[in-house]
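Reader: I would like to learn how to read the features of a model like this one. Please take me through them one at a time.

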Amino acid sequence: MKVKLISTNQEKDPYPVMPIGMCLVGEAARKAGHQVEMYDMTFQKKQHCISQWVETPHDVIGISMRNLDNCDALFSTSFIPGVKKIIADIRGRSSAPLVLGGAAMGVAPQALLREVGADYGIVGEGEVAFVELLKHLDSGDDPSAARGVISLKTKEPYRQIEGLDMRENVWARIGDRFSVKPFLNYEGVYPLQSKRGCALKCVYCTYVNIEGKKYRLRDPKDIIEEITDIRDRYNVREFEFVDSTFNLPARHAMRLCREIARSQLKVSFFGSNINPIHLESGLPEEMVRAGFRSITCTAESASDRVLEGMRKGFKRQQVVQMAKQFQQAGLRVFWMFLMGGPGEKQDTVEETLEFIHRETGTRDVALVIYGMRIYPNTGMETIALSEGLIQKSEELLWPVFYMSPDLDHGWLKKRINQAIREDPRIFTSNQTQSAFIPFAQRALSWMKVERPYWRFLPMINRVMNFYAN
Ligand code: SF4
């Protein structure tokens, strides 16, 4: 079949993200014998490009939607209207079946399908389900009978596919489809997965609804082959593991780092969510040897009460220990903290701020996020329902945030602003939304300044503080 796939994500904060999901699905469809064309809207003006894309012959159009919204209570933006508009534009030019996929579909499948007006939706991983859908379409069968595919008539529970066996070769080959240069110019890095799934139970998280609870691990040798291929063919030197948690399961992370170090790849790694729940002693050093230059840590809080309320599965002491381990290894950390979760009060906010001031490295930064997005089918939804913050009938497609009822919101904002003035390593989306950031990213990239560029955020904060005073 002739297949067109469109990635609708245009978000560039904190940096543009390569369309790895769409490329993986497109690659699976190509391997199954279909003709696949892919379009990425990250740097496109949509009206203009869609009319061109749908002019050439096609049998089916797949639309990929990464997120429902930007998950930011300060500058909340829903991506649903944009996707609705794209679908309406395509409908005006094509009568082919429209299939909605992407991570957003795993969050609120039926409600999203109805809202945006697509014909079919892919629930869960698309590599198998989308190919099954194509098979059904090709043979004239009802596509919604395929596993992992829904239509507006499908009733829950959905017939999901078993998670993809990650021991098979699953390369996205993004650079074969798109130029990766524009992404790299904005501090984007090449995304890799070393596994899928997450066995943890954080109350706000949708990850397990998207990738499942069971870890499915890639063979380190296959990952190294993929990195070598990307490095040599697309001239990429910087990568990011976009796993749920890079260091879990612990043995796999350790083995991967050791094998990368042994392979002498001469590339760098960034990001990777590191979880304090089981940080093997020696892993930070192995990561440095493998070429990691910085990591992200979604600790979310440094208060035991709030960590328990979020069901993070670790305690403050483990976060403190982790901060020490990474400082000793010489790795910069980009910390993320959610303020206002279940159990949050003034004293727990102070505990977290005190942790940032005292325990994090001098070269680290800390992003503070206000409130927690309440997503459907999460523990957060259950808590919000029990506290009467939302109604059972709410589908939660549009941004709704949880903020602890024991916290004065006005006080929190003032306190965070004061903390930023006292310690410029702390910032909120107020700073990352600055129009200056994309220019700075491009200029630094052009000057070939070593990444990560977020290390300059404290400097930007100092300048903003200076002009604010
Ligand atoms: S560790 Fe991360 S991916 Fe796993 S449940 Fe918690 S927030 Fe979600």
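Reader: How many salt bridges does the rule find across the interface of domain 1 and domain 2?

Author: A salt bridge here is a side-chain nitrogen of Lys or Arg within 4 Å of a carboxyl oxygen of Asp or Glu. Across the interface of domain 1 and domain 2 the rule finds five. D69 and R373 form a salt bridge, with 2.7 Å between the closest N and O atoms. The structure as a whole holds 31 salt bridges.

Reader: What kind of model is this, and how are residues numbered?

Author: The model is predicted: local features need pLDDT of at least 70, side-chain atom pairs count only at pLDDT 80 or more, and totals for chains, interfaces and linings use all residues. Residues are numbered from 1 along each chain as its sequence is written, and side-chain values use heavy atoms, with hydrogens and water left out.

Reader: Where are the two domains, and how far apart do their C-alpha centres lie?

Author: Domain bounds come from an automatic or database domain assignment. Domain 1 covers 2-150 and domain 2 covers 180-468. Their C-alpha centres are 27 Å apart.

Reader: How many residues are in contact between the domains, and what area is buried?

Author: Contact means heavy atoms within 4.5 Å. By that rule, 34 residues of domain 1 touch 35 residues of domain 2. Buried area is the accessible area (1.4 Å probe) that two parts lose on being put together, summed over both. Between domain 1 and domain 2 it is about 3,000 Å², with 66% from carbon and sulfur atoms. In domain 1, the residues that lose the most area to domain 2 are M18, L74 and V107, together 21% of what that side buries.

Reader: How many residue pairs are in polar contact there, and which elements contribute?

Author: A polar contact is a pair of N or O atoms within 3.5 Å; within protein, one must be able to donate a hydrogen and the other to accept it, and residues adjacent in sequence count only if both atoms are side-chain atoms. Between domain 1 and domain 2 there are seven such residue pairs, both residues at pLDDT 80 or more. On the domain 1 side, the elements giving two or more residues are α1 (20-31), α3 (80-91), α4 (103-107) and α5 (109-116). The largest share, four residues, comes from α5. Helices (H or I, at least four residues) and strands (E, at least two) are DSSP runs, numbered from the N terminus.

Reader: Which residues lie around the ligand?

Author: A residue is near a molecule or strand if one of its heavy atoms lies within 4 Å of it. Around the ligand are C198, L200, C202, Y204, C205, Y207, S244, T245 and N275. For classes, Ala, Val, Leu, Ile, Met, Phe, Trp, Tyr, Cys and Pro count as nonpolar, Asp, Glu, Lys and Arg as charged, and the others, Gly among them, as polar. This shell has six nonpolar, three polar and no charged residues.
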